[in-house]
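The briefing below goes through the fold, the overall dimensions and one side-chain contact of the structure shown here. Please read it with the coordinates open, and bear in mind that the model is predicted.

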Amino acid sequence: MNDKEKICKNCNYFSRHYFIFHDYLRPTESGHCLNTKTHYTKTHRKSSTPACENWQPAENNAEQPERIEKTIRNMAKHLSQILLILKSE
């Protein structure tokens with residue numbers, strides 16, 4: 001499948017759904033369209049659904065794991081600071 005194919009999973013507004021299975025997050029084939037122009041009755045989408053007129057190519061998909069890792073590391077730093085505060089009280 002071509003990454004530039006005009007389907008929901010390749011859209012910048014597609015937010016995939018996940019579920020927990022044996023303590024792991026697993027992706028589903030469903031998601032939501034986050035574009036505010038999409039009518040609310042059409043926001044629930046399958047990843048293989050042909051794209052609507054609001055489709056935009058997903059940007060920076062290759063950089064997403066790095067952004068997620070950076071966010072998690074920042075969260076860990078803040079949580080350790082909160083833990084220090086809680087231990088001192």
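In this predicted model, three strands form an open sheet in the order E1-E2-E3, and their pairing is antiparallel. The edges of the sheet are strand E1, which covers residues 14-21, and strand E3, which covers residues 44-46, each of them pairing on one side only. On average, neighbouring strands of this sheet are turned by 50 degrees against each other, if direction is ignored.

**Sheet and chain order**

- Strand E2, residues 24-33, runs antiparallel to E3, and the two strands are joined by three bridges.
- Within this part of the sheet, histidine 32 has histidine 44 of E3 standing opposite.
- The protein chain contains three strands and one helix, and reading along the sequence gives the pattern β-β-β-α.

**Overall dimensions and packing**

- The radius of gyration of the protein chain is 18 Å, whereas a compact globule of 89 residues would have a value near 12 Å.
- The C-alpha trace of the protein chain spans about 55 × 30 × 25 Å when it is taken along its principal axes.
- Of the 89 residues in the protein chain, 17% count as buried, where buried stands for a relative accessible area under 20%.
- The protein chain exposes about 7700 Å², and carbon and sulfur atoms supply 55% of this area.

**Salt bridge in the helix**

- The structure holds one salt bridge, in which the side chains of arginine 73 and glutamate 69 meet at 2.7 Å, taken from N to O.
- Both arginine 73 and glutamate 69 belong to helix H1, which covers residues 64-88, and they lie four residues apart, or about one turn of the helix.
- Arginine 73 has a relative accessible area of 56% and is therefore classed as exposed, the cut-off for that class being over 50%.
- Glutamate 69 has a relative accessibility of 41% and so counts as partly exposed, because that class lies between the limits of under 20% for buried and over 50% for exposed.

Technical notes: Residues numbered from 1 in each chain as written. Predicted model: local features only at pLDDT ≥ 70, side-chain atom pairs only at ≥ 80, totals over all residues. Heavy atoms only, no water. Pairing = 2+ DSSP bridges. Axes fitted to C-alpha atoms, helices over the stretch in contact; angles between N-to-C directions. Rg over C-alpha atoms; globule rule 2.2 N^0.38 Å. Buried < 20%, exposed > 50% of the residue type's maximum accessible area, 1.4 Å probe, protein only. Areas by Shrake-Rupley, 256 points an atom, 1.4 Å probe, with all protein chains shown as cover. Salt bridge = Lys/Arg side-chain N within 4 Å of Asp/Glu carboxyl O.
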